[in-house]
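Trainee: Before we go through this model, could you show it to me, so that each term can be set against its definition?

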Amino acid sequence: MNTLITTLALGALALAAAPADARDAAAGAAKAKEVCAACHGMDGNSATPDYPKLGGQHQDYLAKALRDYKSGARKNPIMAGFAGALTRQDIDNLAAYYASQPRTVSTRY
Amino acid sequence: MNKVTTIAALASLALTGSALAQAPAGDASRGREKVQMCQGCHGIEGWRTAFPEVYHVPRIAGQHPAYFVKALQAYKSGERGHPSMRGIAASLTDQDMADLAAYYAAPAAATAGK
């Protein structure tokens with residue numbers, strides 16, 4: 001019985017963990033067109049000085065920024081609205097999509 | 001009396017207007033002299049934060065100067081919470097921020113590094 005419970009628990013954990021790790025840049029592109037592109041550009045090369053360029057930014061940094069906007073840890077009235085409506089999966093997909101776009105930002109010493 | 005009031009009102013408007021318009025102009029060469037505190041993380045491709053969460057530090061060269069300054073101000077005000085960035089931004093003046101933004105936005109920045 002204990003073994004069964006453990007097995008079930010591990011199975012549930014595996015299921016819960018799996019979607020968070022899978023990033024779908026194509027789904028991210030569809031979401032980007034709908035939500036982000038008007039300000040940040042479809043390729044993440046934002047034309048508006050107040051809005052950051054996202055193209056080629058690190059995937060994990062982009063995802064963290066979106067999570068922080070969603071949680072309110074990072075406060076921005078515009079982004080709170082957009083990020084608040086995103087699921088965890090949307091966030092991972094969007095971050096993967098913009099990270100895969102041509103570099104608009106780089107590392108400079 | 002009304003005239004005096006009007007003149008005073010206009011003068012204060014003009015002052016407010018110039019204060020608002022007075023985001024300092026950035027000087028990339030002066031920014032270069034202030035960049036030491038940035039390089040240790042943002043100058044190393046692939047560098048990750050160690051605390052409080054692990055992720056790649058953002059690539060900042062080529063970023064819009066206006067956004068760059070806004071980000072630093074948000075760290076300084078506490079609106080953005082990364083501990084190291086809060087400490088660093090707190091030490092920067094508006095002029096420092098503008099200079100750093102100009103340095104990182106300079107054309108060479110878009111091509112240097114990878």
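Mentor: What follows is a set of questions on the terms used here, each answered from its cut-offs.
This is a predicted model, in which local features need pLDDT of at least 70 and side-chain atom pairs count only at pLDDT 80 or more, while totals for chains, interfaces and linings use all residues. Residues are numbered from 1 along each chain as its sequence is written, and chains are lettered from A and ligands numbered from 1 in the order in which they are written.

Trainee: Why is Ala96(A) called buried?
Mentor: A residue is buried if 20 or more other C-beta atoms, placed from the backbone, lie within 10 Å of its own, exposed if 12 or fewer, and partly exposed in between. Ala96(A) has 20 such atoms within 10 Å, and therefore counts as buried.

Trainee: Where is Ala96(A) found, and which residues does Ala96(A) touch?
Mentor: Ala96(A) is found in helix H6 (residues 88–99) of chain A, where a helix is a DSSP run of H or I with at least four residues, a strand is a run of E with at least two, and both are numbered from the N terminus. Leaving out residues up to four places away in sequence, Ala96(A) touches Arg23(A), Ala25(A), Gly28(A) and Gln59(A), contact being defined by C-beta atoms, placed from the backbone, that lie within 7 Å.

Trainee: What makes H4(A) roughly perpendicular to H5(A)?
Mentor: The axes of helix H4 (residues 59–71) and helix H5 (residues 77–84) of chain A come within 8 Å and cross at roughly 100°. Angles of 65 to 115 degrees count as roughly perpendicular, under 35 as roughly parallel, over 145 as roughly antiparallel and the rest as oblique, so H4(A) is roughly perpendicular to H5(A). Axes are lines fitted to C-alpha atoms, for helices over the stretch in contact, with angles from 0 to 180 degrees between N-to-C directions. In this packing, Leu66(A), Tyr69(A) and Lys70(A) of H4(A) meet Met79(A), Ala80(A), Ala83(A) and Gly84(A) of H5(A).

Trainee: Why is H6(B) described as largely enclosed?
Mentor: Nine of its twelve residues are buried, so H6(B) is largely enclosed by the rest of the structure; among them are Met97(B), Leu100(B) and Tyr104(B). Of the 114 residues of chain B, 28% count as buried.

Definitions and conventions:
Two residues are in contact if their C-beta atoms, placed from the backbone, lie within 7 Å.
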